[in-house]
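Please look over the structure below with this briefing at hand.

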Amino acid sequence: MAMNEASAAIVVHHLRKDFPRRAQGPFWRRRGPTSPFPAVRDVTFEVRPGEIFGLLGPNGAGKSTTIRVIATLLLPTGGRAYVAGYDVVRHPASVRRRLGAVLTGDRSLYWKLTGRENLRYFAALYDVAPARTAGRVESLLGEFGLAEKADELVERYSTGMKQRLAIARSLLADPPVLVLDEPTVGLDPQSALGVRSLIRRIAAEGRTVLITTHYMEEADELCDRVGIIDGGRIVALDTPENLKRSLDRTTVVRLWTTGGDGRLREGLGRVPGVLRVSLREAAEPGRPSEATVTGEGLRRRVAELVAAALAAGAEVERVAIDEPTLEDVFLHLTGRGFDR
C-alpha cells in the first residue's frame with residue numbers, strides 16, 4: 001500500500017478531480033474540446049483514528065469536492081482515497097458501511113415526515129437490524145436533544161434542529177468515521193455552539209470526524225489537526241497551535257478606520273516590514289472598517305502604520321496587536337482572506 005491505508009481512518013493520496021467547463025452565455029457554441037476545470041489538483045493527507053481533522057479553505061477551494069470523493073459520491077480523476085482501509089473506488093459499499101456523512105446541499109431529510117419517522121426510514125435504508133432500530137432511534141433522539149420534538153414534522157424544526165437530526169441520521173449504523181461538510185453554516189451562534197458540542201461528544205466516543213469549514217475560529221476550537229486547502233491544493237497541514245506558532249516572527253496589527261480616499265491598502269503596504277494588507281469593509285454604515293496588516297517587526301512600527309493611514313485620509317479609531325490566528329496563517333500563505 002502506498003501510505004498508511006490499513007491503520008489510518010482516512011487516507012487521501014495525490015487526489016485529483018476535474019470537471020468539464022460549462023458553456024458560457026446563450027449563444028455559446030462548442031468549437032472543439034475544452035480543457036477540464038481542476039477542482040482538486042493534488043491533495044494528500046491522512047486522518048488518524050479518533051481524531052477531529054479540519055479541512056479548511058474559502059468557498060471554491062476544493063473542500064467539498066474532496067469530501068464527496070471520500071464519501072463515494074464523486075469518482076476521482078486521479079489519485080486514491082481510503083476509508084478504514086477500503087478504496088473508495090474499488091470498494092465503495094465497504095466504505096459506505098463504515099462512513100456517516102452530512103453534506104451541504106444534500107436533501108438528507110424528509111420534511112413531511114417526523115423526526116422519529118425519518119430515523120426509522122433511514123435505519124431501514126442503512127440495513128440497521130430491525131431488532132436494534134427502535135432502541136437506536138430513541139437513543140439518538142435523546143442524545144441529540146430531539147426527544148420532545150420527535151413526533152413533529154421536520155418542516156417545523158429550526159435550522160439547528162434539522163442539522164442535529166441530520167447528524168443523528170448519519171450515526172444510525174454506528175459508523176467509525178463521520179464526515180461533516182460545513183456543519184454549522186447558516187446556523188445562529190447558539191445552534192452552532194450546540195453542533196460543535198455534539199461533534200466533540202462524537203469524537204469522545206472514539207469516532208474519527210472529518211469536517212470542512214471556512215470558519216477559522218471553529219476549526220481552532222474543535223480540530224486536533226487542520227489542512228488548509230487553496231486552489232485545489234493543501235498549502236499547510238499541522239495542529240492549529242503549530243500553524244499559528246509558524247508566524248511567531250510575524251506580527252499582526254489591526255487598525256479600525258473610518259473615511260479614507262482609497263489609498264489605505266497602498267499606504268500601509270509601503271511601511272517597511274509589511275507583507276500583507278487585508279481590508280474588511282464595515283458591516284454597517286458609519287461603523288469603522290478593519291485593516292489587518294501582517295509583517296515582520298511591526299510592533300516597532302505601529303506609529304508608522306497609523307501615520308500611513310492618516311496620510312491616506314483615514315481616521316484611526318483603534319489599534320490592536322494580535323496573536324496570530326488560523327486566518328492570519330492562511331493570509332500569510334496565500335495573500336488573501338476568506339470569503340464569507
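The points that follow take up a helix residue, a pair of helices and a strand residue in turn. The model is a predicted one, and the values below are computed from it.

**Arg-136 and its surroundings**
- Arg-136 belongs to helix α4, which covers residues 130-143, and with a relative accessible area of 15% it counts as buried, because the cut-off for that term is under 20%.
- A polar atom of the Arg-136 side chain lies 2.6 Å from the backbone oxygen of Leu-171.
- When neighbours within four places in sequence are left aside, Arg-136 is in contact with Leu-171, Leu-172, Asp-174 and Arg-207.

**The pairing of α5 and α6**
- Helix α5 (residues 159-170) and helix α6 (residues 189-204) have axes that come within 9 Å and cross at roughly 15 degrees, which means that α5 is roughly parallel to α6.
- The crossing of α5 and α6 is right-handed, and the contact is made by Gly-160, Gln-163, Arg-164 and Ile-167 on the α5 side, with Ser-191, Val-195, Leu-198 and Ile-202 on the α6 side.
- By residue class, the contact of α5 with α6 comprises four nonpolar, three polar and one charged residue.

**Ala-291 in strand β13**
- Ala-291 sits in strand β13, which runs over residues 289-296, and this residue is buried, at 1% relative accessibility.
- Not counting residues up to four places away in sequence, Ala-291 touches Val-253, Arg-254, Leu-255, Leu-264, Leu-268, Ser-278 and Leu-279.
- Between Ala-291 and Leu-141, which are 150 residues apart along the chain, the C-alpha separation is 45 Å.

How values were computed:
Residues are numbered from 1 along each chain as its sequence is written. This is a predicted model: local features need pLDDT of at least 70, side-chain atom pairs count only at pLDDT 80 or more; totals for chains, interfaces and linings use all residues. Side-chain values use heavy atoms; hydrogens and water are left out. Helices (H or I, at least four residues) and strands (E, at least two) are DSSP runs, numbered from the N terminus. Buried means under 20% relative accessible area, exposed over 50%, partly exposed in between (1.4 Å probe, protein chains only). A polar contact is a pair of N or O atoms within 3.5 Å; within protein, one must be able to donate a hydrogen and the other to accept it, and residues adjacent in sequence count only if both atoms are side-chain atoms. Contact means heavy atoms within 4.5 Å. Axes are lines fitted to C-alpha atoms, for helices over the stretch in contact, and angles run from 0 to 180 degrees between N-to-C directions. Angles under 35 degrees count as roughly parallel, over 145 as roughly antiparallel, 65 to 115 as roughly perpendicular and the rest as oblique. A crossing is left-handed if the near helix is turned anticlockwise from the far one by less than a right angle, and right-handed if clockwise. Ala, Val, Leu, Ile, Met, Phe, Trp, Tyr, Cys and Pro count as nonpolar, Asp, Glu, Lys and Arg as charged, and the others, Gly among them, as polar.
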